[in-house]
Amino acid sequence: MSAVGFGFVYGLSAREAGFSVVEAMAMSTIVFAGAAQFAAVGYVASGVAWPAIVLLTALLNARHLLYSAALAPWLRDVPIARRAVMAHLLTDEAFALAISHFRRIGRADERGYWFGAFVSTFIPWNLATLAGVLLGAQIPDPARLGIDVIFPAAMIGLAVGLITGRRELVAAIVGGGIAVVVALASSPAIGIVTGGIFGPAIGLLVPAAIAAETAPLGTLESADRYLMPDSHVHTDLDPPTEPPAGTPPAP
Amino acid sequence: MTTDLVLLAVLMFAVTYPTRALGLLTPGLDRLPKAAFDYLQLVGPAVLAALAAVSVMVVVDDDDVPAFHVGIEWVAVLACLAIVAWRRNLFLGLVVAVAIVVIAREVGLAALPA
């Protein structure tokens, strides 16, 4: 469902930014990375140079390295050719679905991975992109329908989804602030790049309060980030639970 | 129909695919230096926030001079932020953001963007 809705919005935004159908679909099939695609719409609309776009894409998608490293132990028995294709489908959603499914059943499930990554994500994402960019072309006055606000709202929503601790929060706030100041002093393109590079550097100055905030993916300490809502993995970091007063001691 | 950005998509793929494949295809390469790992963890929120902030707070006039902008878009984006933080539902946040802007513009509380 989220892939459909979000893919449709991406299609509308791409159309609004001047992407043709072929260009918008090329992004969805070849890149297949929602946040980077939305960011590319903003970069292109702001006039960011291609080398900078590629650099920022590399930084933005570097988190996938952590996902693939976390899934590697589960999928080591899958033939390498199939793993190579699986890698292209490794998005935030595919990782979250796969890792929670594998943990739930206690083993790797290749068919489950394909279903989550391809059937539930890749196909809906691309069909919805196509629908969005085609329907976007039929809208005579996009601003009247508020389509211009979809892009910044989607960006801030995605940022919220990636904030798992105070370091990420500081990086986002500082990155946004730097970007606006530099954009006003120079250009939006330079502002975005500057904020994206220096925001994380400032965020690193904040001490991590608890290990769960910065623990590597694939570790128990980080697992809560990727579980389904309302579930929880107990770790050594969890505070010990005291029995209620009056509870008799266990035999 | 233009196809210029297809090349950009290919270049973006060229830097995205290795990050997805390296761990899966090269067992053992699953440990980054801690400093690099920590930095990369923070890039996503910073880049996305920078894009959102510049998009709603900076406008560029016909002479390419950037200027600070205050408008209904701020309210819409903050509403989306609050909904995503509260409900973890991005699509709902987008719907509310768009609704705020549409209503404000229809009733004359906000002007259409230049």
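In this predicted model, chain B meets chain A through 67 of its residues, which are in contact with 90 residues of chain A. On the chain B side, the elements giving two or more residues are helix 1 (4-25), helix 2 (34-57), strand 1 (58-60), strand 2 (66-68), helix 3 (72-87) and helix 4 (90-106) of chain B. Helix 2 of chain B provides the largest share, with 21 residues. Sorted by class, the side of chain B that touches chain A has 52 nonpolar, 9 polar and 6 charged residues.

Let us now step into chain A and look at helix 5, which covers residues 63-75. This helix of 13 residues reaches 19 Å from its first C-alpha to its last, close to the 18 Å expected at 1.5 Å a residue. Because 11 of its 13 residues are buried, helix 5 of chain A is largely enclosed by the rest of the structure. Among these buried residues are A:H64, A:Y67 and A:W74. What do the buried residues of helix 5 of chain A pack against? Their partners are helix 4 (50-61), helix 6 (80-88) and helix 7 (92-105) of chain A, together with helix 1 of chain B.

Helix 3 of chain A makes the contact with A:A35, A:F38, A:V41 and A:G42, while helix 9 of chain A uses A:F151, A:A154, A:M155 and A:L158. By class, this contact has 7 nonpolar, 1 polar and no charged residues.

Methods. Residues numbered from 1 in each chain as written. Chains lettered and ligands numbered in written order. Predicted model: local features only at pLDDT ≥ 70, side-chain atom pairs only at ≥ 80, totals over all residues. Contact = placed C-beta atoms within 7 Å. Helix = DSSP H or I, 4+ residues; strand = E, 2+ residues; numbered from the N terminus. Nonpolar A, V, L, I, M, F, W, Y, C, P; charged D, E, K, R; others polar. Expected span 1.5 Å × (residues − 1). Buried ≥ 20, exposed ≤ 12 C-beta atoms within 10 Å, placed from the backbone.
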